[in-house]
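Have the viewer open as you read.

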Amino acid sequence: MSAAAFTVWRPLPVPVPRSVNGGKAAAAARVVAPRAALVEARPRGPPEAKDGGGVGGGGGGGRGGVVVPVLSVDRAEDIQAEARAMARAANATVYTPELLSRRYGSRPFKVVSRTLEILVGLGSFAVKLLVDQSNGQIDQNKRKRGAELRRIFTRLGPTFVKIGQGLSTRPDLCPPEYLEELSELQDALPTFPDTEAFACIEKELGLTLDSIFSSISPSPIAAASLGQVYKARLKYSGQLVAVKVQRPGIEESIGLDFYLIRGLGIFINKYVDIITSDVVALIDEFARRVFQELNYVQEGQNARRFKKLYADKADVLVPDIFWDYTSGKVLIMEWVDGVKLNEQEAIERQGLKVLDLVNAGIQCSLRQLLEYGYFHADPHPGNLLATPDGKLAFLDFGMMSETPEEARFAIIGHVVHLVNRDYEAMAQDYYALDFLSPNVDVSPIVPALRNFFDDALNATVSELNFKTLVDGLGAVLYQYPFNVPAYYALILRSLTVLEGLALYADPNFKVLAASYPYFAKRLLTDPNPYLRDALIELLFKDGRFRWNRLENLLEQGRKDRDFSAKDALQPVLKLLLGTDGEELRVLVAKESVRVTEAIVLGSVIDGYNSAPAFMRSLLFNGNANGPLVMNDEELKSMISLRDQVMRIWELLRTSQSFDPNLLQPILQVLQEPEARSLGGRVAGGITQRLAARMLQQVLRLPPTVPTTTAL
């Protein structure tokens, strides 16, 4: 919004800043203080002007010449302000099933009335679709029906608005006409009276609007399912802020809907055998998250934690929270200018690319899900903005969730097992993911996984559509006694929303393909024992090293900006030379012999090919087959291995973080007893193979592949 738009704002008294050092504070009061990277902003009074080395204050009072670290003082003040905000929200409702029973169990008329309202609204829409189908007018009436569905969801209230928001990001489920209509549910919902909103602000904060803002928009600039947002300018600093005010009566409306939905869940658990998950538990988890959204102080704390974990990336922006002006029903945060992520044309007019922003969102989401486990569970387009400088801004931190630590590693391991088509290991993963109780036999599940993925993986895992993967796994889940944890359902919601956003810009976009660099980087660099084992499992098969897998991992891992060649080398060495690495050392010794032989003999062949014809004839007695007795297949295999190893070295060497000094720790490690033993094995194996090759050349024996029995 431009500065000219402020002419329509509600006029409030303009603050008169204190005069410090010849009026410098008047200018300073109009300057927005810079944001600290890990500390949320809060009101601190008009900014103080600095003159020389002193610190000015009201009336010239100083701090006695003592220098106090600004960050420490700010953080202490933030903690105190947050504590005051928590006190203002002390009476916020916490969801429990017993709470719903107490509120609505003795109000049958209200329950029946709401049930009929829902059935009539959705039932009438279903009848119209059936009529359109029978008349052959489904396509002709798409726009009309999409608008009707939006109005029905709006009329049914916040619970159904959230359902509509989810559908608005799924072009694979809804036609474009529906998507366009339902997208209005993200921030273009009916508003409630401004007088009620302003009264709520004053009641919650115990302050008048005039004492908080120098100006505020006379009407909301956005209205969402749980509240509406105004744009204002803080009186003390002149900083632009977003003022979020909760809808009146929202808790009553949502509570009644969850009471009805929970009753339906109890019915499903009791009578619908095909659904093996605990539906009531899933509903309770979702309801708990929604009720947390109703506590804006909790949302502010979520934003603070999210900012600390993820806003260290240059392409991610998280707005600051103003704790002194926040309560259970009012939230004031830094204003962010931007465009919704599904408005492709508007984004491209700013010189930005939607897919770049979606990729930033996917990489941030992967860090959320698999690195720290704390993730944004409601990333619809209204909560994701593209800023003019190309950053992805996250908004609305009401619905957050966490991935258990064991599950984070199990998910990465599950991807490895999927790549390897190791369906037995995939089935075992469901224990760690808490999908199955330990007493369930997974052997019957393996054929079902094989049947689905063998068909789905005709190409590569990265080409799988995420929805295809979810649907296929869903079909397996329904057949067996799986119990899907609530966090998993929220993960699916988060990733399917992001894929839906990407499909706006590119119908062929694949979330798994965009995610693979992150998985590759984690496998190559994470020292966690579970992931180290998964890497070994990926790279070795039947006692042979799969160099093509390592090359692919390095190529993909380099695409991740956090990839470090140093990190990719050190953990492998620690595992190789550890006390439990004997089996791996045997495999590595054998492979080292193969590679050394390929490099040495490959160099001989290159030298022979580059020599003049007369020298070849002179040195090798006119042998037309070259310097080595070797069949074509063996020669091609050896040269291919040599070239692949050289490409892998080049990938490491040209990595952004590569430094030749990183090899120094390797030399130190090689002085350890296990390393000397491994070196002896490799040297002995190489000597054996080269001696066998030399004997073969002297005797001109038929080509055979030497063995390394000494290893």
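## Ground rules

Helices here are DSSP runs of H or I with at least four residues, and they are numbered from the N terminus. The model is predicted, so local features need pLDDT of at least 70 and side-chain atom pairs count only at pLDDT 80 or more, while totals for chains, interfaces and linings use all residues. Residues are numbered from 1 along each chain as its sequence is written, and side-chain values use heavy atoms, with hydrogens and water left out.

## Around R145

You will find R145 in helix 5 (residues 142–156). Its relative accessible area is 8%, so it counts as buried (under 20%; exposed is over 50% and partly exposed lies in between, with a 1.4 Å probe and protein chains only).

Contact means heavy atoms within 4.5 Å. Leaving aside residues up to four places away in sequence, R145 touches F125, K128, L129, D132 and Y178. With D132 there is also a side-chain to side-chain polar contact at 2.6 Å (N or O atoms within 3.5 Å, one able to donate a hydrogen and the other to accept it; residues adjacent in sequence count only if both atoms are side-chain atoms).

## Aromatic pairs

Rings of Phe, Tyr and Trp (its six-membered ring) pair if their centres lie within 6.5 Å; planes under 30 degrees apart are stacked, over 60 edge-to-face, and the rest tilted. That rule gives eleven aromatic pairs. In one of them, Y104 and Y259 have ring centres 5.8 Å apart and planes at 45°, so the pair is tilted. Y104 belongs to helix 3 (residues 97–104) and Y259 to helix 10 (residues 250–271), so parts 155 residues apart in sequence are tied together.

How values were computed:
Helices (H or I, at least four residues) and strands (E, at least two) are DSSP runs, numbered from the N terminus.
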